[in-house]
Amino acid sequence: MTDESKLYNFKMSKYRKVRHEKVNHSKDEYVRREKGLVVTTNTVESAFSLLKRGIVGTWHRVSTKHLAAYLQEMTWRFNNRKNPFLFRDTLLKLIASENLEYKDLVKAA
């Protein structure tokens with residue numbers, strides 16, 4: 001789901017069947033419902049908003065080296081934002097994860 005920007009006029013992969021839908025913000029279209037599908041950019045805008053707040057309020061800056069890790073964490077947080085067992089699931093994930101020593105975290109890429 002995207003808006004009408006020309007930046008999103010990309011060709012879909014022939015190997016993945018992905019449906020690309022657009023909303024036309026310039027014509028005051030923000031949500032469209034068709035055949036049980038809700039076309040909106042609200043979900044992705046919400047996810048990016050949470051990412052930006054994480055950078056400004058929690059991490060304060062993000063390095064290129066660790067960008068993938070920050071994005072994975074924010075993806076996990078977003079996907080679990082309504083999880084009533086979030087604390088339990090977080091603990092289980094931490095217990096099952098491998099240790100990362102500080103020297104490995106800060107060494108040059």
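**Loops and backbone**

Trainee: Where is His60 found?
Mentor: His60 is found in the loop between α1 (42-59) and α2. Please keep in mind that this is a predicted model.

Trainee: What about phi of His60?
Mentor: His60 is not a glycine, yet its phi is positive, at about 70°.

Trainee: And does His60 count as buried or exposed?
Mentor: His60 counts as exposed, because its relative accessibility is 61% and the cut-off for exposed is over 50%.

Trainee: Which value does phi of Lys35 take?
Mentor: Phi of Lys35 is near 50°, again a positive value in a residue other than glycine. Lys35 sits in the loop between β1 (31-34) and β2 (37-40).

Trainee: Buried or exposed, for Lys35?
Mentor: Exposed: Lys35 has a relative accessible area of 88%.

**Charged side chains**

Trainee: Changing topic: how many salt bridges does a search of the whole structure find?
Mentor: The search finds seven salt bridges. As background, side chains of opposite charge can pair when their charged atoms come close.

Trainee: With which residue does Glu34 form a salt bridge?
Mentor: Glu34 pairs with Arg32, and their closest N and O atoms are 3.1 Å apart. Glu34 counts as partly exposed, because its relative accessibility is 25%.

Trainee: Which side chain meets Asp89 in a salt bridge?
Mentor: That of Arg88, with 2.7 Å from N to O. At 44% relative accessibility, Arg88 falls in the partly exposed class.

Trainee: And Lys107, which partner does it have?
Mentor: The side chain of Lys107 meets that of Asp104 in a salt bridge, at 4.0 Å from N to O. Asp104 has a relative accessible area of 34%, so Asp104 is partly exposed.

Trainee: Which residues do salt bridges that share partners join into one network?
Mentor: Glu21, Glu29, Arg32 and Glu34 are joined in that way.

Trainee: Moving to the rings: what sits over the ring of Phe78?
Mentor: The charged end of Arg81 does, 3.8 Å from the centre of the Phe78 ring.

Trainee: To what count do the aromatic pairs come?
Mentor: The count is one aromatic pair.

**Pockets**

Trainee: About how much space lies in the largest pocket?
Mentor: The largest pocket holds about 340 Å³.

Trainee: Which residues line it, the largest pocket?
Mentor: Its lining consists of Ala69, Gln72, Glu73, Trp76, Thr90, Lys93, Leu94, Ser97 and Glu98. By class, the lining of the largest pocket divides into three nonpolar, three polar and three charged residues.

Trainee: What volume has the second largest pocket?
Mentor: The second largest pocket has a volume of about 250 Å³. Its lining residues are Lys65, His66, Ala68, Ala69, Tyr70, Glu73, Leu100 and Leu105.

Trainee: What gives the most to the lining of the second largest pocket?
Mentor: Here too α2 gives the most, with four residues. As for class, the lining of the second largest pocket has five nonpolar, one polar and two charged residues.

**Two further residues**

Trainee: Where is the place of Leu100?
Mentor: Leu100 belongs to the loop between α3 and α4 (102-106). Leu100 counts as exposed, because its relative accessibility is 58%.

Trainee: How many residues apart in sequence are Leu100 and Phe48?
Mentor: They are 52 residues apart in sequence, and their C-alpha atoms are 27 Å apart in space.

Trainee: Last one: in which helix does Val106 lie?
Mentor: Val106 lies in helix α4. At 46% relative accessibility, Val106 counts as partly exposed.

Notes:
Residues are numbered from 1 along each chain as its sequence is written. This is a predicted model: local features need pLDDT of at least 70, side-chain atom pairs count only at pLDDT 80 or more; totals for chains, interfaces and linings use all residues. Side-chain values use heavy atoms; hydrogens and water are left out. Buried means under 20% relative accessible area, exposed over 50%, partly exposed in between (1.4 Å probe, protein chains only). Rings of Phe, Tyr and Trp (its six-membered ring) pair if their centres lie within 6.5 Å; planes under 30 degrees apart count as stacked, over 60 as edge-to-face and the rest as tilted. A charge sits over a ring if NZ of Lys or CZ of Arg is within 6 Å of the ring centre and within 35 degrees of the ring normal. On a 1 Å grid over the protein atoms alone, a cavity is a set of points where a 1.4 Å probe fits but cannot get out, and a pocket is an open set with protein on both sides within 12 Å along at least five of seven lines; lining residues have an atom within 4 Å of a point. Grid points are joined across faces, edges and corners, and a volume is the space filled by probe spheres set on the points. Helices (H or I, at least four residues) and strands (E, at least two) are DSSP runs, numbered from the N terminus. Ala, Val, Leu, Ile, Met, Phe, Trp, Tyr, Cys and Pro count as nonpolar, Asp, Glu, Lys and Arg as charged, and the others, Gly among them, as polar.
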